[in-house]
Amino acid sequence: MKALLLFAELGTKLDPTDYVGFTFFVGSMAMMAASAFFFLSLSQFDKKWRTSVLVSGLITFIAAVHYFYMRDYWFANMESPTFFRYVDWLLTVPLMCVEFYLILKVAGAKPSLMWKLIFASVVMLVTGYFGEAVFMDQAALWGFISGAAYFYIVYEIWLGSAKKMAVAAGGDVLKAHKILCWFVLVGWAIYPLGYMMGTTGWYNSFIPDGNIDVVYNIADAINKIGFGLVIYALAVKKQDVNS
Ligand SMILES: *C/C=C(C)/C=C/C=C(C)/C=C/C1=C(C)CCCC1(C)C
């Protein structure tokens with residue numbers, strides 16, 4: 001009975017001023033729509049590019065499922081679904097690292113490049129989770145370690161071996177790699193900003209207070225869907241060249 005009442009109450013309480021809930025809602029729909037788009041486009045690509053577009057779809061689909069959970073969690077508890085958030089990231093961010101490897105394979109990228117990026121992304125996310133949910137009074141320290149792993153990824157794709165391979169591949173692959181690099185440098189930098197808004201540390205004096213979920217939700221939409229579209233556009237171009 002109590003559960004029923006709670007449900008009835010929830011159903012009538014989609015507060016129009018709850019902009020956090022709104023971004024969870026829109027986020028889940030956007031991820032779902034993007035997944036349908038990527039999956040339904042798959043048959044137009046040959047094997048070489050199909051995997052890349054498939055991974056784009058998996059990234060937004062995994063996010064969509066997590067957004068359904070996060071949205072419900074938010075409406076039921078009115079607090080951050082930090083656990084679901086990090087599980088989502090732990091699955092999708094390594095897949096974004098896989099995308100770099102997949103598009104650079106034409107220039108001879110080896111799986112070791114992929115594993116380096118995946119390892120750094122896992123360090124970035126696990127230490128971020130520690131700061132946000134486990135050792136909250138040391139958020140600044142864990143955020144710093146997480147940031148170091150983030151900068152390693154930025155270095156590797158902008159200047160390291162991934163960059164060299166992109167240059168070797170040239171043409172459309174190099175162009176797509178460049179855009180993805182910008183996503184990681186600018187789009188991903190939104191996350192540490194959200195982290196600093198939502199945790200306690202020395203940065204509180206100059207970073208404004210804000211809702212961490214709104215920031216993360218906007219960043220996710222930009223990064224997951226945008227990233228996927230860059231891959232999709234590259235696959236379409238390559239397909240035209242081949243046929
Ligand atoms: C689809 C989800 C994506 C692309 C998530 C990316 C997340 C990050 C780049 C998070 C980075 C963080 C830092 C660099 C420091 C503070 C802690 C984090 C985990 C928010």
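How many nonpolar, polar and charged residues are there in the shell around the ligand? By class, that shell holds eleven nonpolar, four polar and two charged residues. This is a predicted model, in which local features need pLDDT of at least 70 and side-chain atom pairs count only at pLDDT 80 or more, while totals for chains, interfaces and linings use all residues. Residues are numbered from 1 along each chain as its sequence is written, and side-chain values use heavy atoms, with hydrogens and water left out.

**The ligand and its shell**
- Among the 17 residues around the ligand, V93, M124, S146, Y191 and K224 come nearest (near means a heavy atom within 4 Å).
- Taken alone, the ligand exposes 530 Å², and the protein buries 99% of that (Shrake-Rupley areas, 1.4 Å probe).
- Helix α4 (82–104) brings the largest share of the shell, five residues (helices are DSSP runs of H or I, at least four residues).

**The largest pocket**
- The ligand takes up the space of the largest pocket (more than half of its atoms lie within 2 Å of the grid points).
- A pocket here is an open set of points on a 1 Å grid over the protein atoms alone, with protein on both sides within 12 Å along at least five of seven lines; its lining residues have an atom within 4 Å of a point.
- The lining counts 25 residues, with G143, S146, G147, Y191 and P192 nearest the centre.
- Helix α6 gives the most to this lining, with seven residues.

How values were computed: On a 1 Å grid over the protein atoms alone, a cavity is a set of points where a 1.4 Å probe fits but cannot get out, and a pocket is an open set with protein on both sides within 12 Å along at least five of seven lines; lining residues have an atom within 4 Å of a point. Helices (H or I, at least four residues) and strands (E, at least two) are DSSP runs, numbered from the N terminus. Ala, Val, Leu, Ile, Met, Phe, Trp, Tyr, Cys and Pro count as nonpolar, Asp, Glu, Lys and Arg as charged, and the others, Gly among them, as polar.
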